[in-house]
Amino acid sequence: MENDFDQDQIGELPQSIIEIILAKLPIRDAVRTSILSRRWRFRWASLTHLVFDDNCVIYDDDRPVVENSLLNFITKLLFLHNGPIHKFAITTSYLQGAPDVDQWLLFISRKEVRELVLELGEGEWFRAPSCLFSCKKLTRLELVRCELEIPPNFRGFLCLKYLNLQQVLIPPSDIEYLISSCPLLESMTLSYFDSLELTVHAPKLKYLILEGEFKDICLANTPNLVAISVGMYMTDDIAEHFEHSSSCNFDKFLGGVPKLQRLIGHIYFTKYLSIGNRRGWNSFTYHHLKFIELYQVSFDDEKEVCVMLQLIENSPNLLELQISGSSTSSAATRNIDLDFWDRKLSSNFMFHRLKTVKMADVFGVPSELNFIKYLLEHSPVLESMSVTPSLYVRDRRLSMSIDMLSFRRASPQATVIFNPDHQA
């Protein structure tokens, strides 16, 4: 009797509550609710968000068995589905390119899909069918490990706001056309691209993440960018390209981002910015930039140091600065002309808003210590500076700490924290 009472209660739930419950369940469990009562039967068939992953089927050591089970589950579900599909996501290591996947995409392209996420398999890359480009109402598109070829009749994703492409094979001209054909694009991630020369035209873009082997990056029309994260990998081919480049990368990358608030530059970023840079030429002011993080800055390279200083000195409202050194033995033997730092230390420039500085992977060579000294002497409201030496530095740690403690501080409340035993 108690079980019958529970079933009656479940069956009498309002439709709005049933829809909320179904929306919060994994898709496999949502389908199973059909057994609860007659009122629940096939209610899942009108779900607008369909998210599939490896948990949709029972695990089996026989990979083909799991793959077939997942194919059948998704195909049957779509066959029984009724109504619009606003989100369609597949994230699985079992499926690769298959005629079934093409049919699914053709099906959902007629269902007013707004969010599409595809991450299939670990073997051959999935070749996306042309029907993907007929999803006119897409606001979010995420593709991982696939091949894309834009059809001639494609006129853009006019509603797309979020684009995430990882390990995607696409001609350079097509990726630029795709970006420029999304007039509402606000957030974009491009990861694991090889030897790409990229020009970005995206006037609404606010958030940008780039990671890969980029030969060239030009932010030609991105006036609304507020956050950038860049990771650049170096190959012999790209290094040679950099050596023969004469254009100013700093201008091309940071010359048109007046609203920038947050900048993260990973490996080789400052090296890239330093190419073609005109020393002492400071035409851009980043009034909104409050956070800068730069990885593996070569303090033995005067061009890189100039670029770093050009960036932070032209950010009058900078609140937090994080810098890591290059962690190479060459930094201990080659240094910038000390006259360079004498001129800097004697200047009247001040970081009037800088409150937090974090230095990591520090070798303790003169150029690094002079930079630390420069920040301490020119930051009147600094609250804390933490310095972590490189793991490769053992014999100079004591002298490093003594030197830093002796530096004059413009801020009476500034504390200097030396972390000699910190493990990265």
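Predicted model: local features only at pLDDT ≥ 70, side-chain atom pairs only at ≥ 80, totals over all residues.
Local features were kept at pLDDT of at least 70 and side-chain atom pairs at pLDDT 80 or more, while totals for chains, interfaces and linings take in all residues. Numbering runs from 1 along each chain as its sequence is written, and side-chain values rest on heavy atoms, with hydrogens and water left out.

The protein has 13 helices and 15 strands (DSSP runs, H or I of at least four residues and E of at least two, numbered from the N terminus). Of its 424 residues, 48% are buried (under 20% relative accessible area; exposed is over 50%, partly exposed in between, with a 1.4 Å probe and protein chains only).

As for charge pairs, the structure holds 8 salt bridges (a side-chain nitrogen of Lys or Arg within 4 Å of a carboxyl oxygen of Asp or Glu). One of them joins Arg127 to Glu147, with the closest N and O atoms 3.1 Å apart. This pair brings together strand 4 (residues 126-127) and strand 5 (residues 140-147), 20 residues apart. Arg127 is partly exposed at 47% relative accessible area, and so is Glu147 at 27%.

Another bridge pairs Asp216 with Lys252 (2.8 Å, N to O). Asp216 sits in strand 8 (residues 207-221) and Lys252 in helix 8, so parts 36 residues apart in sequence are tied together. Both partners are buried.

Glu304 and Lys271 also meet, at 3.5 Å, N to O. Here Glu304 is buried at 2% relative accessibility, whereas Lys271 is partly exposed at 28%.
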